[in-house]
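Please keep the structure in view while reading.

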Amino acid sequence: MTAQPAVIVLAAGKGSRFLGADHKLAQRLGSATVLATTLRHAVATQLPVIAVTTEALADVARRSVAARDVIVLPEVGAPGHEGLGMGYSIAAGVSACPDAGGWLVLPGDMPMVRTATLLEVARELARHAVVFAQHKGMRGHPVGFSAELYSELTSLRGDEGARRLVARYPAVGIEVDDPGVLIDVDTEADLDAVRQAQQRGEQAPQRL
C-alpha cells in the first residue's frame with residue numbers, strides 16, 4: 001500500500017504583524033484558537049499531521065495532535081539560531097515523517113482551509129511533484145510536495161520556505177471552491193473578518 005502524504009502545519013513564526021498581546025495563533029476563534037482550528041481541519045483528513053511550533057504554542061498544538069507529532073523549535077531570532085525560519089520549519093516537519101508519501105505544507109494561520117481541500121491536494125501528489133491549491137486562479141495553500149523531494153525539503157534553511165522548489169519543478173494548481181486557501185490571519189483586522197465569517201457560517205472575504 002502506498003504511504004499517505006502527511007500534513008505539516010507551520011506554527012513557529014513570530015507573527016510580528018499581529019499587534020495583540022498574545023500570539024496570533026493563540027487568539028480565540030469560536031470555541032478554539034486559530035492554531036487549533038487549523039489543526040482540527042488537518043486532523044479531520046485522517047492523514048498524519050505534524051505541528052512545527054515553539055514552546056509558547058506547544059501546549060495548544062498538543063491538545064489537537066499527539067505529543068510525539070509536535071516538533072518544538074527555538075524562537076526565530078534566538079541567539080545561536082539565526083538560520084531558523086519557514087524553510088527550517090518545513091525541513092523539521094518533513095524529517096519527522098520521512099516515510100510519508102509526500103507532504104502538504106499548511107501555515108498555522110490559515111484556519112479557513114477546508115479539510116476537503118487538503119484531501120484534494122493530497123490526491124494529486126500521486127501524479128505531480130508539486131501541487132498547490134488555487135481559488136479563482138489565485139495561488140494559495142496548502143502546497144504539496146511528493147516523496148521524491150524529501151532530500152531537498154529536509155535541506156531547507158532560513159525564511160525562504162520552499163519557493164525555489166516550486167520554481168524548479170513543474171507546479172500544478174488545483175482549482176478549489178475554497179476561498180480559505182487565500183486567507184491568512186496576519187493582523188487584527190484579518191482575525192475580525194474571519195471571526196465574523198465563522199459566526200455567519202461562511203468563508204471570510206478574500207483579501208486582494
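A salt bridge is counted here when a side-chain nitrogen of Lys or Arg lies within 4 Å of a carboxyl oxygen of Asp or Glu. The model is a predicted one, and it holds seven salt bridges.

One of these bridges is formed by Lys-24 and Asp-109, whose closest N and O atoms are 2.7 Å apart. Lys-24 lies in the loop between β1 and β2, while Asp-109 lies in the loop between β6 and α4, so the pair ties together parts that are 85 residues apart in sequence. Both Lys-24 and Asp-109 are buried.

The table sets this bridge beside two others.

| Salt bridge | Closest N to O distance |
|---|---|
| Lys-24 and Asp-109 | 2.7 Å |
| Arg-114 and Asp-178 | 3.8 Å |

Arg-114 is partly exposed, with a relative accessible area of 35%, whereas Asp-178, at 0% relative accessibility, counts as buried.

Glu-152 counts as buried at 17% relative accessibility, because the cut-off for buried is under 20%, and Arg-168 is partly exposed at 48%. Salt bridges that share partners also join Lys-24, Asp-109 and Asp-186 into one network.

For the chain as a whole, there are seven helices and nine strands, and buried residues make up 54% of its 208 residues. Among the contacts with a separation of 6 or more, 66% are between residues 24 or more positions apart.

Which residues touch the most other members of the largest nonpolar core? They are Val-7, Val-9, Leu-35, Leu-39, Val-49 and Leu-104, in a core of 38 residues. Several elements give two or more residues to this core, including β1, β4, β6 and α7, and α1 gives the most, with four residues. When neighbours within four places in sequence are left aside, Leu-39 is in contact with Val-9, Val-49, Ala-51, Ala-61, Ser-64 and Val-65. Apart from this core lies another, of 26 residues, among them Ala-12, Val-94, Phe-145 and Ala-162.

The aromatic rings give a count of one pair. The ring centres of Trp-103 and Tyr-150 are 5.8 Å apart and their planes stand at 40 degrees, so the pair is tilted. Trp-103 belongs to strand β6 and Tyr-150 to helix α5, 47 residues apart, and the pair thus links distant parts of the chain. Trp-103 is buried, with a relative accessible area of 0%, whereas Tyr-150 is partly exposed at 28%. Elsewhere, the charged end of Arg-139 sits over the ring of Phe-132, 3.9 Å from its centre.

Asp-159, in the loop between α5 and α6, counts as exposed at 56% relative accessibility. The C-alpha atoms of Asp-159 and Gly-85 are separated by 4.1 Å, although the two residues are 74 residues apart along the chain. Leaving aside neighbours within four places in sequence, Asp-159 is in contact with Gly-85, Met-86 and Gly-87.

Note on methods:
Residues are numbered from 1 along each chain as its sequence is written. This is a predicted model: local features need pLDDT of at least 70, side-chain atom pairs count only at pLDDT 80 or more; totals for chains, interfaces and linings use all residues. Side-chain values use heavy atoms; hydrogens and water are left out. Rings of Phe, Tyr and Trp (its six-membered ring) pair if their centres lie within 6.5 Å; planes under 30 degrees apart count as stacked, over 60 as edge-to-face and the rest as tilted. Buried means under 20% relative accessible area, exposed over 50%, partly exposed in between (1.4 Å probe, protein chains only). A charge sits over a ring if NZ of Lys or CZ of Arg is within 6 Å of the ring centre and within 35 degrees of the ring normal. A nonpolar core is a set of buried Ala, Val, Leu, Ile, Met, Phe, Trp, Tyr and Cys residues joined through side-chain atoms within 4.5 Å. Contact means heavy atoms within 4.5 Å.
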